[in-house]
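Hi everyone, thanks for coming. Let me put the structure on the screen, and then we'll walk through a couple of places in it together.

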Amino acid sequence: MLRIHFGFEDLARTRVGTRPHAMWEIVLSVQLLQNREGALLFDGWRRTVRDRLQSWVRPLMTLAPHATYFPDFLTPAGAAGPPEEEIEFVLATPRARVRAELELLGARRRLPEWTRALAAGDLQAIEGLGHALRSYHDAVLRPEWSFVEAHVEADRARRMRAFAEGGIEGLLGSYSPLLRWNPPILECDYPVDRELMLEGRGLLLLPSYFCCRTPVTLVDPELAPVLVYPVARGVQDGLSGPAGESLAALVGRNRAAIMKAIGEGCGTTELSRRAGTSIASASQHTAVLREAGLVTTQRNGSAVLHNLTPLGSELLSASDDPDAPPP
């Protein structure tokens, strides 16, 4: 669980990003290439872009592995600018910071020798990283960028409507169930337990197309606070079939029943009762749906609470399968 603590000044200084941040999209999409998260949304994209990848992607997979940590210097703070400008910010990171953050990464996994040169400020290593970032952006992100921008703009418009109608309470409430606003704390599922104290700095809420399942923040608490979150999506986003395609055909009849049974949220025992299945089966199905980006699971000790994600709710409401088994 991540708990973000707000003060009065933080509420006044909280804002929503105006455009996609190229470095966040690079890092998060590189991670997605190394896992199967959000299969329903991203498997088609994975199949397409893998044909464009060359050896320059390997350093990026080293620095942004499928793991809970990647160096903060890859996602510099500040307003999103042109991709080349953001890449230059990364390459200009002070040597001491690069070395410290690579040591953190190296404590979690074995790193190749070239990262030592990068940590030492070797010009050839820095230029190699720049080449990898530019090549990845040109081959993978640039063809999709207008699509990414459209989704970020649509999400921002949704948040601004919520703010206009309900102020900061309406804005933060619009992120439910992804984020949970329990004044003065904003909570979300997170790989580790963490407390983030804003201390008057406010919070940048940054919508991201390639963020999947749970929001992401920086590790260093001294950096400008940012929470990167998945954009709100419609039923057609990333799907191979048309809107309203049979839910059972997409996820399977048993998992369609599980999604219907979840409803407004429930624990695994209650879910198994509603769906008429065993607890073990209900747990297995929710795990698959969670990987597909359709279900979230909040844990509190031994208790869990399953909820549909916005995409899961959209897909469920658009389903036209009259024969799906009832919950």
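Let's start at T268, which touches I279, A282, S283, V304 and H306, leaving out residues up to four places away in sequence; contact here means heavy atoms within 4.5 Å. Before going on, please keep in mind that this is a predicted model, where local features need pLDDT of at least 70, side-chain atom pairs count only at pLDDT 80 or more, and totals for chains, interfaces and linings use all residues. Residues are numbered from 1 along each chain as its sequence is written, and side-chain values use heavy atoms, with hydrogens and water left out.

Is T268 buried or exposed? With 14% relative accessibility, T268 counts as buried, the cut-off being under 20% relative accessible area with a 1.4 Å probe, protein chains only.

T268 belongs to helix α12, residues 268–275; helices are DSSP runs of H or I, at least four residues, numbered from the N terminus. How does α12 pack against helix α13, residues 279–291? Their axes are 8 Å apart, at an angle of about 100°. That makes the two helices roughly perpendicular, a term for angles of 65 to 115 degrees. On the α12 side we find T268, T269, L271 and S272, meeting I279, A282, S283 and T286 of α13. These contact residues divide into 3 nonpolar, 5 polar and no charged.

Now over to helix α8, residues 123–141. At its start, a side-chain oxygen of D122 comes to within 3.1 Å of the backbone nitrogen of Q124. The buried residues of α8 include A125, L129 and Y136, and among the elements covering its buried residues are α2, α3 and α9.

Terms used:
Expected span 1.5 Å × (residues − 1). Buried < 20%, exposed > 50% of the residue type's maximum accessible area, 1.4 Å probe, protein only. Polar contact = N/O pair within 3.5 Å; in protein donor to acceptor, adjacent residues only side chain to side chain. Axes fitted to C-alpha atoms, helices over the stretch in contact; angles between N-to-C directions. Parallel < 35°, antiparallel > 145°, perpendicular 65-115°, else oblique. Nonpolar A, V, L, I, M, F, W, Y, C, P; charged D, E, K, R; others polar.
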